[in-house]
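This report is meant for someone meeting the structure for the first time. Please look over the sequence and the model below before reading on.

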2 protein chains.
Amino acid sequence: MPDVSVDPSVTTGPIAGSTKIYRHGVPFRRVNLTNGEHLDLYDTSGPYTDDTAVIDLAAGLPARPGVVRDRGTQLQRARTGEVTAEMAFIAEREGVPAELVRHEVARGRAVIPANHNHPEAEPMIIGKAFAVKVNANIGNSAVSSSVAEEVDKMVWATRWGADTIMDLSTGRDIHLTREWILRNSPVPVGTVPLYQTLEKTNGDPAELTWELYRDTVIEQCEQGVDYMTVHAGVLMRHIPLTVDRVTGIVSRGGSIMAAWCLAHHQESFLYTNFEELCDILARYDVTFSLGDGLRPGSIADANDAAQFAELETLGELTKIAKAHGVQVMIEGPGHVPMHKIVENVRLEEELCEEAPFYTLGPLATDIAPAYDHITSAIGAAIIAQAGTAMLCYVTPKEHLGLPNRKDVKDGVIAYKIAAHAADLAKGHPHAQLRDDALSRARFEFRWHDQFALSLDPDTAREFHDETLPAAPAKTAHFCSMCGPKFCSMRITQDVRDAMADKSREFTESGGKVYLPVVTT
Amino acid sequence: MPDVSVDPSVTTGPIAGSTKIYRHGVPFRRVNLTNGEHLDLYDTSGPYTDDTAVIDLAAGLPARPGVVRDRGTQLQRARTGEVTAEMAFIAEREGVPAELVRHEVARGRAVIPANHNHPEAEPMIIGKAFAVKVNANIGNSAVSSSVAEEVDKMVWATRWGADTIMDLSTGRDIHLTREWILRNSPVPVGTVPLYQTLEKTNGDPAELTWELYRDTVIEQCEQGVDYMTVHAGVLMRHIPLTVDRVTGIVSRGGSIMAAWCLAHHQESFLYTNFEELCDILARYDVTFSLGDGLRPGSIADANDAAQFAELETLGELTKIAKAHGVQVMIEGPGHVPMHKIVENVRLEEELCEEAPFYTLGPLATDIAPAYDHITSAIGAAIIAQAGTAMLCYVTPKEHLGLPNRKDVKDGVIAYKIAAHAADLAKGHPHAQLRDDALSRARFEFRWHDQFALSLDPDTAREFHDETLPAAPAKTAHFCSMCGPKFCSMRITQDVRDAMADKSREFTESGGKVYLPVVTT
């Protein structure tokens, strides 16, 4: 790492109640239960939660073996029928046949964001046939945060389950921040190259050029960025459609490109040079995340003409990208009331050949700044149930400031909830195992197991201990909600015992007579 | 108030950026905006947020005038065509015709929980044609909390928007706690009389009798409880249906009644004496909340035979109660995965003549103890969109302990989000006004207005100030997320200006030629 003045420190060690295990080289978080059972969970946290791993942030994570740089993209290889090393890894990780992985990638219904130059990342897949994924945005701005903080946030976010990270830095040290993040990230990293390009014009959109942009993209491809948000769908004819909106254009990328188009009275250089851009991304197997530059920023603007006109353009671009062998996903809103959410998925699938949908929430109402991780988890769960493949988290700081460490965790946990709720609703084959294991632990008062199986064992235990901190309370057959005399779980056990007695009497009486049974 | 050793103190004063106003005697929270506009919001907080009110907790709130004790229940009076004082109040409060209120009550599709002996409360309505309501549970247990704390929580919960309160105390001082809450509560208060009855048998369900229960109900009716959860739907034949569940019977009331039935091998005294119970409740106009004693306590148990068998019995009881002129609502789950939620509403409406549905969440997954306000806000928003009239909040402490002050607020805010999201999705006529006002404030960088219009102005401001505490930042046309150079809102304004220029040029040129326009 070039700059020795950067001295990040990150959280390491296993998640409470779990150990890191590997099955055929694929990491899992194994929860060891007190009843002798165990459950292996999908694990995004990389070597940081492996007790035996040596972490050296300055050296970066070790590269995974077997990265092939000269045989094209995962999409191209899937089309030829090849099951790549990454696909095999993903099949083990998701607990699905490798052929399903290959087929969904070949079909363009799933992507594997894995830049040849980012061998530190563990392969993962984004597609509606697989577990719903969560992205966490990090990154500094002109007024806030440092490189060390962002590296810490990256490790922290993946510890709690972020499947990818986007580095949205806009201030100083963009290249350096990204380098530290890439070399140490166990998950794919996405960016919006336009942000760094705009730094090169001192923030003036009108001064942007295709050449400046292209060089920035190549710089980031070389560094190892796995997917890039490209707002190539903002066209001249769309811009007037935003004028009567309540919140206009809220996407930074969208507003920058709209300003450029108006300044030059030309179609966006992202649109006019899109095929050259495809060739660059194909070279590194960088995945397109086609940005929704005109996404609604308020309930009032949801599903309007501007939003859907851009989506139609994204559909055209999807076909072009795929023709060039580039993997594509499509970004979605934003702010959408519940009854308008499903239409977004339907239209995206229709217009974009079912390319994976990647949405920001959406927020189901505008009225709760400081709680937008919740307003948007509602929308996120619903849109994921309808088929969205990856959810971009929203933190409590949305609309108010940049997220700190606590906000990052709160955002990730809220989105793991939304993603898992959708997995359950979609009937994902393994999802309910965890719910059932936790509920059995709950019913049997195995408190330690209940904590260990939860999304956040530390906070679950802390909340329990606020009222009943003593060690025996961890095995007591009651909790502070009802107290010992009053426990429905205990009474239910009595009911079960009584039913068993009755059943035995029934059997002993020849199974014909229904005898009254009295217990207390 | 009898016991002078109780010395509660509660939070008073207006919510930041708002003042209390009255329209035809009905309180509203008026948000005064910096652009000269204002928005009046539904206000549950009672006199505590009125700067001019004198609060004396020992004396209790003043009684509202015009309570009629001798003309039966709101249901009976609605059926005769009478628009009661309570209905007129509610019509003003909800911004709907009084005749709609009367009609929905007469039809049994809405209830007005207003015990004649609780004149301190401001009338409100629970029904699918009106704004979705939120209940907050408070109450101490054998191992936690005091009377003063519970009174404080009650005022705190209504400050943030709780439409009703349930006092679920199970420990010491049940009567006294309830007295303090009732005399000071601006919202209807619900209870589960079985809890206090069980205290009288020292916690032994088998020792419960109809007489003990009946006397407890009368005691609470006399005190002024507005609605009562009655688990009269747990029948002998339902109990075996719970035996193979993952989490058995999780409702306290349900497990107590199941234990009683098995101990006596008789049908529940709540079921066999239901008509007498109706006569008692009718006398005071106490509303039934028919409890779902067999609600699912885990994803695995959702929508199972036990749950729906009990719901069918609740349908029978609904008809009996209504025949006695008693108002009824129906309690619902619990834990339900998203794809099984809507079926709950459909079946409840079919079986229970569309009596208002009142659900606990439901939690959309079991795996996030410490975050169950979020898991359940997802389910709550969906079930409310489908027609649920009131949502019982779940706090972050659910499954782990009793909620403290912070948990109560977190739970209420999460549920106000769910309720409002559902109001938007249902097309409630006034709901989107607030979203639009807040989004306009956001777009125009009126930070003070954005805070004032939000569900929690204090926290929104605090989060903003973490990175930009200086006063000028409250009017600055940027925030810490993007910094000054990079603001999409500012760029959008430039885009609008450019569009306006273009439009002017177009007009000036005779409206025929499309001229290029260059701006920066």
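## A serine beside the other chain

Leaving out residues up to four places away in sequence, B:Ser454 touches A:Ile367, A:Pro369, B:Arg29, B:Arg434, B:Leu438 and B:Ala460, where contact means heavy atoms within 4.5 Å. B:Ser454 sits in the loop between helix H16 (447-453) and helix H17 (457-467) of chain B, helices being DSSP runs (H or I) of at least four residues and strands DSSP runs (E) of at least two, numbered from the N terminus. With a relative accessible area of 0%, B:Ser454 is buried; buried means under 20%, exposed over 50% and partly exposed in between, for a 1.4 Å probe and protein chains only.

The model is a predicted one, in which local features need pLDDT of at least 70 and side-chain atom pairs count only at pLDDT 80 or more, while totals for chains, interfaces and linings use all residues. Residues are numbered from 1 along each chain as its sequence is written, chains are lettered from A and ligands numbered from 1 in the order in which they are written, and side-chain values use heavy atoms, with hydrogens and water left out.

## The interface of the two chains

In chain A, 118 residues are in contact with 117 residues of chain B. The area buried between the chains, that is, the accessible area (1.4 Å probe) that two parts lose on being put together, summed over both, is about 9700 Å², and carbon and sulfur atoms give 69% of this area.

The rule finds 2 salt bridges across this interface, a salt bridge being a side-chain nitrogen of Lys or Arg within 4 Å of a carboxyl oxygen of Asp or Glu. A:Glu466 pairs with B:Lys397 at 2.7 Å, N to O, and B:Glu466 pairs with A:Lys397, also at 2.7 Å. This second pair runs from helix H17 of chain B to the loop between strand E13 (390-392) and H14 of chain A; B:Glu466 counts as partly exposed at 46% relative accessibility, whereas A:Lys397 counts as buried at 1%.

## A salt bridge within chain A

Over all chains the count comes to 70 salt bridges. In one of them A:Lys20 joins A:Asp43, with the closest N and O atoms 2.7 Å apart. Because A:Lys20 lies in strand E1 (residues 18-23) and A:Asp43 in the loop between strand E3 (38-42) and helix H1 (74-79), the pair ties together parts of chain A that are 23 residues apart in sequence. Both A:Lys20 and A:Asp43 are buried.
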